[in-house]
Amino acid sequence: MVEVTVLGVAQDGGHPQPGCLRPCCANVTDQHYPVSLGIHGDNGENILIEATRHLGDQFTLWGQTKVDHLLLTHAHFGHVDGLGLFGRETLAAQGIELHISDDMYHLVDQTPQWNLMVQQGVFNIQTFAAGDVVFSQGELSIEAVRIPHRDELSDMHAFIIRGPSKSLLFLPDHDTWDETLAVHNSSSIREWLATMNVDIALVDGTFWSEDELGGRNQSQVPHPPVMQTLKMLGEKNQDDPEILFTHLNHTNPLYNRNSEQRNEVERLGWSIAYQGQRFTL
């Protein structure tokens, strides 16, 4: 059996976000960690996707403390700021297989703290390119999918996790649906997911609408608004994969279980991912 656990659903800053005194963060009792997945393979291997600063809390949520393989989608803040926790000062881990893109390898090599951890044996680096099978053992395999996203530090890859009976796409970030679909020669979200034979898709739900950007324009923080994704999808059909929104910014009204926006998502037949959610693949 391959089991995937959702270890976080928030955008890089978490929810509530540090320094935020607005109603979206005030009096929040349920903390939401930055996006991450924990995978327990059929041969007992533990695979973590993303290294966040809430690693300890996420281990508790996962029920695991040992990581055999660590996969990173890209180099933005909330996806990598927990890397140092594997070092001598905290976990003192050894021999974790760190799977990163060829492009991101150069960043790790040039970042003194991360490079030192490689020299100390904390990480063994395994590089991959788009389309590669990043990991394969037993009935579990993980494939890298190239995704257009801000590349100031590294490129971006989504991952398809395949088990013996189902497959799951992890797509926490991308710039626009137009760019993503064009890269993969698809005319619609449904066509793209069908091409990849995906049963479950955790997709970028950072913002409900552009109204949350606080005066910034979307080119500065490009993510397709959930409103746009819903417009492209419409109502869920019987043969559609399960689509869940994740990577929610602290301003996103989808955190509110009683919001009109959340009701609209669910009315159309789609879902919002939640921490501790488990999928058997």
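Guide: We shall take the backbone, then the core, then the pocket.

Guide: This is a predicted model, in which local features need pLDDT of at least 70 and side-chain atom pairs count only at pLDDT 80 or more, while totals for chains, interfaces and linings use all residues. Residues are numbered from 1 along each chain as its sequence is written, and side-chain values use heavy atoms, with hydrogens and water left out.

Visitor: Which peptide bond is cis, and where is P16 found?

Guide: Most peptide bonds are trans, and most residues other than glycine have a negative phi. Here the bond from H15 to P16 is cis, with omega near 5 degrees, and P16 is found in the loop between strand 1 (3-8) and strand 2 (36-40), where strands are DSSP runs of E of at least two residues and helices are runs of H or I of at least four, numbered from the N terminus.

Visitor: What is phi of N185, and what is phi of H247?

Guide: Phi of N185 is near 50 degrees, a positive value, and N185 lies in the loop between helix 5 (177-183) and helix 6 (189-195). Phi of H247 is near 60 degrees, also positive, and H247 sits in the loop between strand 12 (242-246) and helix 8 (260-267).

Visitor: Is H247 buried or exposed?

Guide: Buried means under 20% relative accessible area, exposed over 50% and partly exposed in between, with a 1.4 Å probe and protein chains only. H247 counts as buried because its relative accessibility is 0%, whereas N185, at 67%, counts as exposed.

Visitor: Which residues of the largest nonpolar core touch the most other members?

Guide: A nonpolar core is a set of buried Ala, Val, Leu, Ile, Met, Phe, Trp, Tyr and Cys residues joined through side-chain atoms within 4.5 Å. In the largest core, which has 56 residues, I161, L168, L169 and W192 touch the most other members. A second, separate core of 24 residues includes L70, A75, M104 and M117.

Visitor: How many residues line the largest pocket, and which are the closest to its centre?

Guide: On a 1 Å grid over the protein atoms alone, a pocket is an open set of points where a 1.4 Å probe fits, with protein on both sides within 12 Å along at least five of seven lines, and lining residues have an atom within 4 Å of a point. The largest pocket is lined by 23 residues, of which H15, D30, H32, Y255 and R257 are the closest to its centre.
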